[in-house]
Amino acid sequence: MTKVLPQEKGEGQEWHLGNKYSADGKEPMIKKKKNNRFITFIKQIISIKVILSALMVILILLSTITILVVTYTLQVNSIDTTSKDMGSLVEYETLEFVKNQLFIPFASADGFVKRVQKNYKMTTDPTTWKMVIDDMQSVLYNFPLSYFSFTSKDDYSIGMINNYEKKSVELEIYYNGYYYTNVPIVNDSYTVNLSDEKREYEFSLSSMIWWTIPFVNKKAQWSEIYATSQNVTWLTAYYPSLTKSGDLDFVVTADYAIPELRKFLKTIRISDNSFVYLIESSSSNMIASSVEHDTLYNYDRTYSPYKIRKLKLSQSSIPEVALIGKDLEKKYGTDLKTKNIVKNEKYFANGKGYILAVSDFKDSYGLDWKILIMISLEDFMGPINTLRNVVLIVDAVVLVGSVILSVLLGNFITVPLDKLGKEMNKIRQAKHVKFNKYTGIFYEVQVLQKHFSTMTNALDGFMKYVPVEIVSSFIQGDESSFELGVSPRKMAVLFSDIKNFTTICETLHPNQLISILGKYFELTSAAVYRNRGVLDKYIGDSLMALFGAPEYYEEYDLFCCHGAFEIQLALKEYNQSLSLQGLPTLYTRVGCASGEILVGNIGSTYRYSYTVLGDNVNLASRLEALNKQYGTNIMISESCYNSVKDDFLLRFIDTVAVKGKSKGIRVYQIVARKSLPKRVINDSTSLPKDIDSYGITPELERYCDWYNNIMNLYLKKKFNEAEEEFSEFAKQFSGDYAAQVMAERCREFKRSPPPSDWSGVYIATEK
């Protein structure tokens, strides 16, 4: 939080507070202007270039949208109608195929049963089976059945397998409690061998599901769908023959391979992303689909008796199908036997639209299935989308061309004005502006640019006399910048002065002196601005700088001390150059003080001056001069010391009451720095070579620690010990002037001891 001293009015003092403060006196109370960002944005929009472009864009967009909406609406309606008609056609075709295919098993079984009852007399003697086997072979040759069997109550069964892959028929026999090895039928010839060595495993009618179900129900019916592998599922037609007494005489079964349905469904071509599914009405379990890679069930040998775990439509591996299945479950549940599903209803999955056509398939043998036809609207929307894209591309080209044309036309008018506005904004930010190129093609714009150029040159010169920060506040419309008055603020002040400047002036030619002094001020001012300082004024060879005003920031005393330290760094390099030229070097003393200071505009209605007043300003000036008495080059106040003691290597010089003050303060010398400042301005052209060096050595640390310890002896009135230590210190450190001064003062106190209430304060008699 920004810290500023509260308003106080000292005795006999009156001032006008140019900067207002909040009621608690802690922070400046700045008059907030109304937020005009929205208004500014609107003003920027209402420009010639934007208006011309916008009008062309709007006209083109209106025509494009009208064409697209009309075309799109007409074609979408047409596609809806076409999709529904196609769905009805596919629905009819699928329904007829399924009916015809599932009619075959019972039709073939019915004919076979009648022939057996009429023509064949079956016994347990295998020699009487030939006519039945021949008839069964004929059935398999003439109908698309995978398996056909005859099972008698007399504990024997004849089965015939249609091996499509091998294009052959094989005979399997269950007889007298055993299953026998398959017998291939080659050229209608076969041999039934029921010897013991052909037995494979024991057999019992009671363990065979194709016998137990007809035995119980005694009617023709379908089995449950079962699997013999992951890719093959079956549906068996049970056709029992009963005796006159109603007992089961024999059972004929005919197996239909479900993959045959899937093969047919794959041949149905609606579109790339349209699907046809057969599902069970009672459970929504999938039976067959037109999608080859969809998983309809899981084969499981342990899952008796059908070895299949069925999957519902909502569990399809096709994401769109699964989503449609879930929507159906939400609306109707999984049992769809009695549900009247809305035909040709639209469903959406993964952002794609589908029309769902539904029809029922039921027969007299227990099947209750539904045929679901999912027609992808996206596939039929392709041509429309292509037409739309073509229209959009053409319109985009026209649109871009129109915008370019309008922008070019607008640029002839607005570019010179835009450039002028940007340069004005630079002036508002108090930046240097060099404007002497007239780019307008219109006379009025050229006149405006010429007057602006004259104004910028004048303003640029004005900023060389007044701190740029003050000029910036003028331009930005801060009303307090124009008010006569000061306000208290916590900040820091720096004073610098050249030693023996009068003598130097007498030895140099005026032009040479001005050149050296100009370079000196260039280096010292750069150090100030690098560290967020503001140059207040030059007074002869002296410089006065402010830290923490006009813009307030934290750590003002730290930046002030870094500025002082870098002034000495810059002059060290510059003095080497002067010495090589045989010119006098410049020894500069710097004083820094911080605390409550009055800052603002002083003067009269004729002329203002932005500056600072107060004890701490005078203290900074006195500390600069006090360097001369102790032979130091940077002296800071106790307030600065408390803020920067962790950032610099400091030497406690003395406790001094500067001239005009009775109360003493501790003063310190900056010897070296421990940390680098936070750079705000990085003017690489004026940076000293060793600006980022620290310069702290063990010898410098001993230098400061030893001196500070001697000062403790001095303040404890141990003048004998202090005098000896100061003298020894001066010998070891090249006649350190501050140590010599303090040694002499100890000798004086030995001759004339101070009073008992002496606090160590030295009363300075010189400014």
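How do strand E10 and strand E16 pair, and over how many bridges?

Author: Bear in mind that this is a predicted model. Strand E10, residues 275-280, and strand E16, residues 368-376, run antiparallel to each other, and six bridges join them.

Now step back to the whole sheet. This pair belongs to an open sheet of five strands, ordered E11-E10-E16-E15-E14, and the pairing is antiparallel. At the edges you'll find strand E11 (286-289) and strand E14 (345-349), each with pairing on one side only. Leaving direction aside, neighbouring strands in this sheet are turned against each other by 30° on average.

Next, the helices. Helix H5, residues 259-267, packs on the sheet and touches E10, E11 and E16. The direction of H5 makes about 45° with that of E11. Then there's helix H6 (residues 319-332), lying across E10, E14, E16 and strand E15 (352-362). Relative to E14, H6 runs at about 125°. So much for the sheet and its helices.

For some context, here's a word on the nonpolar cores. The largest one has 93 residues, and Val493, Leu494 and Phe547 are among those with the most contacts inside it. Helix H12 (residues 556-580) gives the most to this core, with 13 residues. A second, separate core holds 84 residues, including Val116, Ile258, Leu313 and Tyr332.

Terms used: Residues are numbered from 1 along each chain as its sequence is written. This is a predicted model: local features need pLDDT of at least 70, side-chain atom pairs count only at pLDDT 80 or more; totals for chains, interfaces and linings use all residues. Side-chain values use heavy atoms; hydrogens and water are left out. Two strands pair if DSSP finds at least two bridges between them. Helices (H or I, at least four residues) and strands (E, at least two) are DSSP runs, numbered from the N terminus. Axes are lines fitted to C-alpha atoms, for helices over the stretch in contact, and angles run from 0 to 180 degrees between N-to-C directions. Contact means heavy atoms within 4.5 Å. A nonpolar core is a set of buried Ala, Val, Leu, Ile, Met, Phe, Trp, Tyr and Cys residues joined through side-chain atoms within 4.5 Å. Buried means under 20% relative accessible area, exposed over 50%, partly exposed in between (1.4 Å probe, protein chains only).
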